[in-house]
Amino acid sequence: MNFASDNVTGASPEILAAIAAANRGHAMPYGADEITRRLEQRFAEIFEHEVAVFPVATGTAANALALACLAPVYGAIYCHEEAHIATDECGAPEFFTGGGKLVTCPGEHGKLTPETLAPRIAGAGVVHNVQPAAISITQETEAGTVYHPAEVTAVSALARRHGLALHMDGARFANAVASLGCAPAEVTWRAGVEALSFGATKNGALAAEAVVFFDPERAATLGYRRKRAGHLLSKQRFVAAQLEAYLEGDLWLRNARHANAMAALLGSGLAALPGARLLHPVEGNEVFVALSEHAIERLAAEGFGFYRWGEAPVLRLVTAFDTRQETVESFLHVAQEALGTAPPP
Ligand SMILES: Cc1ncc(COP(=O)(O)O)c(C=O)c1O
């Protein structure tokens, strides 16, 4: 009954089983184990490209460490004004870059475009200004929308014109790929992405993310940075085992397809209710909806969990790999009843 986030969930049974299997016997520490060794090959197959892969335990670490490789201490990193790196990471990107500055840009439905970015990219060569270094986009976005490969390519073309690196925060990358139905390569390196924070925790892992670099040379310092950040786990095989199981048999896409289907059901159901208004297209596993205060209170009283989004009566509803259709239907039923009832005087 909890739509607050996709990390209110537990872990997929396949991932727990992989952790249990990795628990047998001994393995060399700090990533020198067999599972970690296999992982890089697996990622290379999935992305159809040579990669450097660095497992970490949180998405914040993945983002901050990736950006630290892409931007100098005096660098500017351009991102959406609602980007997780700008709003929810307690200054980690600035801290791990050693002082880099996030420059936020507006953009409809959570997306950056060349048009919104271009006016912000300034100050190159001016000693008083931070130096343009990187762009970071979120896939799926914080508004629950998804960048199409052509949109990523347009942003990367602008990045190239200014000599900037392109990073993708893929905390919900699986939901985006499942929604697009394209090859992972199409929306990453072929579209000009150099570094990807590949998320797994929200979509079935227990605690596992990976920094993926498509040019391993650009990640030359990442191993040291990860150790310094305290994210080189001595028993890294347990993180690697989660990621391996996540990729095995397309579990990552199967989980994401289910989450997306539940969001589509929720979104279309709400859109059909008089008095409910969707704020963004539902393309992944998040629904943003404006409702009456009365309806929000009724839904909370019925035991549904969710976050209110901003000051207005707006909810963010997030579905996950284990969201049940009955839960979505019962949410819609209560919302319909509440919207059809006059609020108490
Ligand atoms: C877009 C996005 N990026 C990154 C993260 C990483 O978060 P955490 O450090 O909690 O794993 C989140 C989690 O909410 C997110 O929504």
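These legends go with a set of close-up views of one predicted model.

**View 1. Asp6 and Arg172 pair up across the chain.** Here the side chains of Asp6 and Arg172 meet in a salt bridge, with 2.7 Å from N to O. The two partners come from distant parts of the chain, 166 residues apart. Asp6 sits in the segment before helix H1 (13–22), while Arg172 is in the loop between strand E5 (165–170) and helix H8 (173–180). Both residues are buried. If you like keeping score, the structure holds 15 salt bridges.

**View 2. Arg38 and Glu244 bring two helices into one picture.** The side chains of Arg38 and Glu244 form a salt bridge, again with a value of 2.7 Å from N to O. Arg38 belongs to helix H2 and Glu244 to helix H10 (residues 237–247), so this pair links distant parts of the chain, 206 residues apart. Arg38 counts as partly exposed because its relative accessibility is 43%, between the 20% and 50% cut-offs.

**View 3. Arg190 meets Glu186.** This is another salt bridge between side chains, at 2.7 Å from N to O. Why does Arg190 count as partly exposed? Its relative accessibility is 40%, and partly exposed covers the range between under 20% (buried) and over 50% (exposed). Glu186, at 32%, counts as partly exposed too. As a bit of background, side chains of opposite charge can pair when their charged atoms come close.

**View 4. A negative patch sits on the surface.** Glu40, Glu50, Asp215 and Glu217 gather here in a patch of negative charge. Take Glu50, one of the members: you'll find Glu50 in the loop between helix H2 (34–47) and strand E1 (52–56). With 56% relative accessibility, Glu50 counts as exposed.

View 5. Is Lys111 buried or exposed? At 12% relative accessibility, Lys111 counts as buried. Lys111 is found in the loop between strand E3 (101–105) and helix H6 (114–117). From there, its side chain reaches the backbone oxygen of Val146 at 2.9 Å.

View 6. Gly267 is buried, at 3% relative accessibility, whereas Ala261 is partly exposed, at 39%. Now for the distances, taken from C-alpha to C-alpha: Gly267 and Phe288 are 21 residues apart in sequence and 8.4 Å apart in space. For Ala261 and Leu117, the figures are 144 residues and 32 Å.

View 7. Most residues other than glycine have a negative phi, and most peptide bonds are trans. Tyr30 isn't a glycine, yet has a positive phi of about 55°. Tyr30 lies in the loop between H1 and H2 and is partly exposed, with a relative accessible area of 43%. Glu48, also not a glycine, has a positive phi of about 55°. Look for Glu48 in the loop between H2 and E1, where this residue is partly exposed at 44%. Finally, a cis peptide bond joins Gln139 and Glu140, with omega about -5°. Glu140 has its place in the loop between strand E4 (131–138) and helix H7 (149–161).

How values were computed. Residues are numbered from 1 along each chain as its sequence is written. This is a predicted model: local features need pLDDT of at least 70, side-chain atom pairs count only at pLDDT 80 or more; totals for chains, interfaces and linings use all residues. Side-chain values use heavy atoms; hydrogens and water are left out. Patches are made of residues with over 30% relative accessible area and no salt bridge: like charges are joined within 9 Å, nonpolar side chains (Val, Leu, Ile, Met, Phe, Trp, Tyr) within 5 Å. Accessible areas come from the Shrake-Rupley method with a 1.4 Å probe; for residues, only the protein chains shown count as cover. A salt bridge is a side-chain nitrogen of Lys or Arg within 4 Å of a carboxyl oxygen of Asp or Glu. Lys and Arg count as positive and Asp and Glu as negative; His and the chain ends are not counted. The place of a charge is taken as NZ of Lys, CZ of Arg, CG of Asp or CD of Glu. Helices (H or I, at least four residues) and strands (E, at least two) are DSSP runs, numbered from the N terminus. Buried means under 20% relative accessible area, exposed over 50%, partly exposed in between (1.4 Å probe, protein chains only). A polar contact is a pair of N or O atoms within 3.5 Å; within protein, one must be able to donate a hydrogen and the other to accept it, and residues adjacent in sequence count only if both atoms are side-chain atoms.
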